[in-house]
Amino acid sequence: MKESDKGAPPFDGKAFVRQLTPAPGVYRMLAADGSVLYVGKAASLRKRVASYFLKEQPSRRIALMVAQIAGIEVTVTRTESEALILENQLIKSLRPRYNVLLRDDKSYPHILLTEETWPRLAWHRGPRAVAGRYFGPYPSSGAVRETLDLMSKLFKLRTCEDSVFRNRSRPCLQHQIGRCSAPCVGLVPTREYDATVRRAALFLEGRSSELVDELGKAMEAASARIEFEQAAQLRDQIAAIRRVQARQYVEGEQVEMDVLACVMEQGTACVLLLAFRNGMNQGTRSYFPKANGAETPEEVLGAFVAQHYLEQRPPREIVLSHAIADQELLAEVFSAQAGRKVEIKSAVRGERARYLELARSNAALALATEMSSSASQRARLESLRELLGLEATPARIECFDISHTMGEATVASCVVFDAQGPVRGQYRRYNISGITPGDDYAAMRQALERRFRRGVEEGVLPDLLLIDGGTGQLAQAREVLGELGVTGVAMVGVAKGEARRAGHEALVLPDGRELRPGAASPGLQLVQQVRDEAHRFAITGHRGKRQKARETSRLEDIAGIGPRRRAALLKHFGGLAGLRDAGAEEIARVEGVSAALARRIYDALHGLEPQSTGSEPPDA
């Protein structure tokens with residue numbers, strides 16, 4: 001039911017409510033331009049929507065939103081649980097301006113213990129495409145790296161990629177510093193390595209007491225056999241595991257729990273997550289949801305819990321710093337999704353209360369750091385506004401850069417910054433084609449045309465456009481925007497300074513003037529940050545494109561190598577570098593590659609004169 005049209009009379013909320021159903025569902029508040037103001041769920045659509053049209057609103061934020069409503073759409077669901085799930089999906093896809101929004105929705109990282117002859121430990125994020133056991137989730141990449149570092153010291157399992165492992169002829173540095181048992185060169189028997197893998201799995205499962213008992217028996221057996229050196233190693237391993245237990249374990253319990261604390265100041269919120277899995281403290285992670293006018297920690301925390309755990313598998317226990325709305329409903333939905341009971345608590349005592357206080361203090365510290373950074377960002381934006389003579393501080397800044405190597409694999413980048421800093425989800429790369437190699441002006445023009453033609457269609461344009469380059473590149477931007485009829489976008493060229501020294505850049509304006517504010521200017525520091533990010537993003541894309549082209553072309557140039565054999569070779573060796581390091585005999589072990597073809601491949605990759613070895617049947 002949509003009640004918004006241009007030129008229509010003001011929206012009559014009370015009349016709309018009278019014909020609404022009392023069934024559960026989701027409602028979407030719409031502005032006059034059709035954009036979504038707010039998405040909410042209700043056990044009764046009629047009662048919930050009616051509450052927005054009372055004489056007095058509970059907060060200024062709600063009153064401001066209601067004043068902008070030009071229409072409402074509703075979707076009826078069978079249950080309130082279905083409405084909760086649909087609400088989260090719509091918030092994520094529509095990103096309404098008055099909902100609390102969780103910015104970082106990346107999946108959690110895990111530790112992967114692969115299933116193969118010589119299993120390896122690895123950092124993993126994303127789909128579980130590799131066969132093996134996945135431990136976690138961990139709250140951050142740092143927590144995974146810290147655990148992997150500890151595992152290397154305790155168990156000495158390999159962490160190297162298969163392409164490296166298969167081509168070692170002598171132990172690597174990890175073995176020399178005591179962090180790998182070097183199975184790649186046969187320095188550890190298979191039976192001993194398998195036993196270590198099993199013990200590592202016990203540790204990651206949180207079964208350290210069982211592991212310590214097993215190691216204690218092994219130590220006594222080694223001592224009885226008068227193998228005192230092995231007994232001493234086992235003794236040291238036990239001592240290290242006990243130190244970890246003392247530091248990490250929730251006393252007397254093997255819990256699976258998240259502790260969440262929310263603090264707010266001046267409209268900015270921080271939610272800190274402290275995670276325990278199998279009784280082990282796996283570290284913390286700070287989130288800074290976009291509050292969009294929300295005034296209380298309860299509201300922010302409630303939105304966070306719903307959005308976060310409907311995307312991530314919830315633990316058995318969630319401890320909150322504040323009681324939230326729909327706490328019982330959320331627990332019910334999470335339990336149904338996880339296939340086991342999930343508890344949400346806000347009133348706790350004892351050890352959980354201590355962990356909650358720890359989370360609160362860390363959240364306050366993280367928020368103070370974030371606000372200090374935000375204040376610095378605002379100061380730099382204001383300095384840039386004054387420097388360029390803009391009427392208002394730019395809410396959206398975009399910067400374009402071009403990267404290539406003598407015209408090869410040309411890539412353009414577009415990075416986006418807002419008042420909070422980089423908006424990485426909106427970065428874009430453009431593969432440039434159909435131009436004279438090395439023509440930076442043509443490359444810039446093509447990238448700008450593609451970006452702003454779409455920007456005009458979607459209505460998303462920057463307030464300030466930065467072009468990495470001088471007068472020529474800036475002229476391309478002026479022409480493109482003029483041809484597309486784009487107005488209201490300030491343009492600045494960023495020309496490199498004398499001897500390419502940072503802080504000596506010249507800001508080239510469309511009227512031909514040049515500004516050289518110097519390294520002390522906060523406005524120029526912001527321009528440098530944006531320009532450097534555009535350069536980094538462009539050159540990363542260029543290098544990837546160039547490497548891919550070179551891998552493909554070098555193998556395609558070899559007679560007898562078609563798509564199937566090329567794919568098999570790159571997969572077997574993990575890329576061109578691994579293939580280049582392999583000998584002809586190792587290459588011949590790849591399915592479909594004869595000894596003669598393997599020799600041709602080896603010679604081609606090492607610049608040797610090809611030997612006459614006869615023809616190879618084509619790769620179908």
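How many nonpolar, polar and charged residues does the lining of the largest pocket have? I looked it up, remembering that this is a predicted model: the lining has 15 nonpolar, 13 polar and 20 charged residues.

**Entry 1: the whole chain**

I stepped back to see the protein chain as a whole. I counted 20 helices and 19 strands in it. Its C-alpha atoms fill a box of roughly 90 × 70 × 55 Å along the principal axes. The chain has 620 residues, and buried ones make up 48% of them. I also checked contacts between residues at least 6 apart in sequence, and 61% of those join residues at least 24 apart.

**Entry 2: the largest pocket**

Back to the pocket I started with. The space in the largest pocket comes to about 2,000 Å³. I found 48 residues lining it, with Asp418, Val423, Arg424, Gly425 and Gln426 nearest its centre. Then I asked which elements give two or more residues to this lining, and got β9 (280–287), α13 (350–388), β13 (408–418), β14 (421–422), β15 (428–431) and α14 (440–458). The largest share comes from α13, which puts in six residues.

**Entry 3: the second largest pocket**

Next I went to the second largest pocket, which holds about 780 Å³ of space. It is lined by 33 residues, and Tyr38, Arg48, Glu87, Glu299 and Ala325 are the closest to its centre. At least two lining residues come from each of β2 (36–42), α3 (60–68), α4 (80–94) and α11 (297–309). Helix α11 gives the most, with six residues. By class, I noted 14 nonpolar, 10 polar and nine charged residues in this lining.

A reminder to myself from class: in soluble globular proteins, nonpolar side chains tend to be buried together. So where do they gather in this model? The largest nonpolar core has 32 residues, and Leu260, Val305 and Phe334 touch the most other members. Two or more residues of this core come from each of β7 (257–265), β8 (268–277), α11, β10 (317–320) and α12 (327–338).

I zoomed in on leucine 260. Leaving out residues up to four places away in sequence, leucine 260 touches Val271, Leu272, Leu273, Leu301, Phe304, Val305, Tyr309, Ile318, Val319, Leu320, Ser321 and Leu356. Apart from this core I found another, of 31 residues, including Tyr138, Phe155, Leu202 and Leu234.

**Entry 4: two single residues**

Is glutamate 398 buried or exposed? Its relative accessibility is 0%, so glutamate 398 counts as buried. I placed glutamate 398 in strand β12 (residues 397–405). Its side chain makes a polar contact with the side chain of arginine 396, at 2.9 Å. Setting aside neighbours within four places in sequence, glutamate 398 is in contact with Cys414, Val415, Val416, Arg451, Pro462, Leu464, Leu465 and Leu466.

My other pick was serine 81, which sits in helix α4. Its relative accessibility is 16%, and buried means under 20%, so serine 81 counts as buried. With neighbours within four places in sequence left aside, serine 81 is in contact with Leu329, Glu332 and Val333.

How values were computed:
Residues numbered from 1 in each chain as written. Predicted model: local features only at pLDDT ≥ 70, side-chain atom pairs only at ≥ 80, totals over all residues. Heavy atoms only, no water. Helix = DSSP H or I, 4+ residues; strand = E, 2+ residues; numbered from the N terminus. Buried < 20%, exposed > 50% of the residue type's maximum accessible area, 1.4 Å probe, protein only. Polar contact = N/O pair within 3.5 Å; in protein donor to acceptor, adjacent residues only side chain to side chain. Contact = heavy atoms within 4.5 Å. 1 Å grid on protein atoms, 1.4 Å probe; cavity = no way out; pocket = protein on both sides within 12 Å on 5 of 7 lines; lining within 4 Å. Points joined across faces, edges and corners; volume = space filled by probe spheres on them. Nonpolar A, V, L, I, M, F, W, Y, C, P; charged D, E, K, R; others polar. Core = buried A, V, L, I, M, F, W, Y, C linked by side-chain atoms within 4.5 Å.
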